[in-house]
Amino acid sequence: QLQLVESGGGLVSPGASLRLSCASSRDPLDDWTIGWFRQVPGKEREGVSVISSSGYNTLYADAVKGRFTISRDNAKSTVYLNMNSLKPEDTAVYYCAAVPFFPNDGSLGYLYEYKYWGQGTQVTVSS
């Protein structure tokens, strides 16, 4: 059973950057596609980005394309989300999650397909 731990959240000003990390505390992530999601109170959790187990394939939500970059270091069992040009609307709790396959329909995958979830890290973008 994977145990995912997110870190790197915080309070930043608009236009700033942050790097989130999603680490597996026990088992390697090599066989898992990892997705990043975010949620604000009162709204549904939404997909942000996803990366295949090899790292060769990535997808992004339209809202973050060109600003966010997902990457992974399987030797460190860690997936990263580099977030640049942050906007107030990026404020949310960010979660990473693991699924055993890369979505083949162009979506970021469906929430119910993701088998393991981290506890989330808060990102607040405010002046």
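Reader: Which residue in S5 is the bridge partner of Ile 34?

Author: This is a predicted model, and in it Ile 34 has Ile 51 of S5 as its bridge partner. The two strands, S4 and S5, run antiparallel and are joined by 5 bridges.

Reader: What is found in the hairpin of S4 and S5?

Author: There are 6 residues between the strands, and Gly 42 takes a positive phi near 85°.

Reader: To which strand is S5 joined by 3 bridges?

Author: To strand S6, residues 58-60, and the two run antiparallel.

Reader: How do I read a sheet, and what is the order of the strands in the open sheet of 4 strands?

Author: Start with a general idea. Along a regular strand, side chains alternate between the two faces of the sheet. Then read the order of the strands, which for this open sheet is S1-S3-S8-S7, with antiparallel pairing. The edge strands are strand S1 (4-7) and S7, each of which pairs on one side only. From one strand to the next, the twist averages 15°.

Reader: How many bridges join S1 to S3?

Author: There are 4 bridges between these antiparallel strands. As one case, Ser 7 has Ser 21 in S3 as its bridge partner.

Reader: Which residue of S8 is the bridge partner of Leu 20?

Author: Leu 81 is the partner of Leu 20. S3 and S8 run antiparallel and are joined by 6 bridges. S7 and S8 pair in the antiparallel sense over 6 bridges. Their hairpin has 4 residues between the strands, and Ser 77 in the turn has a positive phi of about 50°.

Reader: Is S8 mostly covered or mostly uncovered?

Author: Mostly covered: of its 6 residues, 5 are buried.

Reader: How do I read a nonpolar core, and which residues touch the most other members in the largest one?

Author: In soluble globular proteins, nonpolar side chains tend to be buried together. The largest nonpolar core here has 33 residues, and those touching the most other members are Ile 34, Trp 36, Leu 81, Met 83 and Tyr 94. Several strands give two or more residues to this core, among them S3 (18-24), S4 (33-39), S8 (78-83) and S9 (92-99). S9 provides the largest share, 6 residues.

Reader: What does Tyr 94 touch?

Author: Leaving out residues up to four places away in sequence, Tyr 94 touches a list that includes Leu 20, Trp 36, Phe 37, Leu 81 and Met 83. The list also includes Glu 6, Arg 38, Gly 120 and Thr 121.

Reader: How do I read a pair of rings, and how many aromatic pairs does a search of the whole structure find?

Author: A pair of aromatic rings is described by the distance of the centres and the angle of the planes. The search finds 5 aromatic pairs. In one of them, Phe 37 and Tyr 114 have ring centres 4.8 Å apart and planes at 80°, so the pair is edge-to-face. Phe 37 lies in strand S4 and Tyr 114 in the loop between S9 and strand S10 (116-117), so the pair ties together parts that are 77 residues apart in sequence.

Reader: Is Phe 37 buried or exposed?

Author: Phe 37 is buried, with a relative accessible area of 2%. Tyr 114 is buried too, at 5%.

Reader: Why is the pair of Phe 37 and Trp 117 called tilted?

Author: The centres of their rings are 5.0 Å apart and the planes are at 50°, so the pair is tilted. Phe 37 lies in S4 and Trp 117 in S10, so this pair ties together parts that are 80 residues apart in sequence. Trp 117 counts as partly exposed, at 28% relative accessibility. Ring pairs link Phe 37, Tyr 114 and Trp 117 into a cluster.

Reader: Where does Arg 45 lie relative to Trp 117?

Author: Arg 45 lies over the face of Trp 117, at 4.9 Å from the ring centre. Arg 45 also lies over the face of Tyr 95, where the distance from the ring centre is 3.7 Å.

Terms used: Residues are numbered from 1 along each chain as its sequence is written. This is a predicted model: local features need pLDDT of at least 70, side-chain atom pairs count only at pLDDT 80 or more; totals for chains, interfaces and linings use all residues. Side-chain values use heavy atoms; hydrogens and water are left out. A nonpolar core is a set of buried Ala, Val, Leu, Ile, Met, Phe, Trp, Tyr and Cys residues joined through side-chain atoms within 4.5 Å. Buried means under 20% relative accessible area, exposed over 50%, partly exposed in between (1.4 Å probe, protein chains only). Contact means heavy atoms within 4.5 Å. Rings of Phe, Tyr and Trp (its six-membered ring) pair if their centres lie within 6.5 Å; planes under 30 degrees apart count as stacked, over 60 as edge-to-face and the rest as tilted. A charge sits over a ring if NZ of Lys or CZ of Arg is within 6 Å of the ring centre and within 35 degrees of the ring normal. Two strands pair if DSSP finds at least two bridges between them. Axes are lines fitted to C-alpha atoms, for helices over the stretch in contact, and angles run from 0 to 180 degrees between N-to-C directions.
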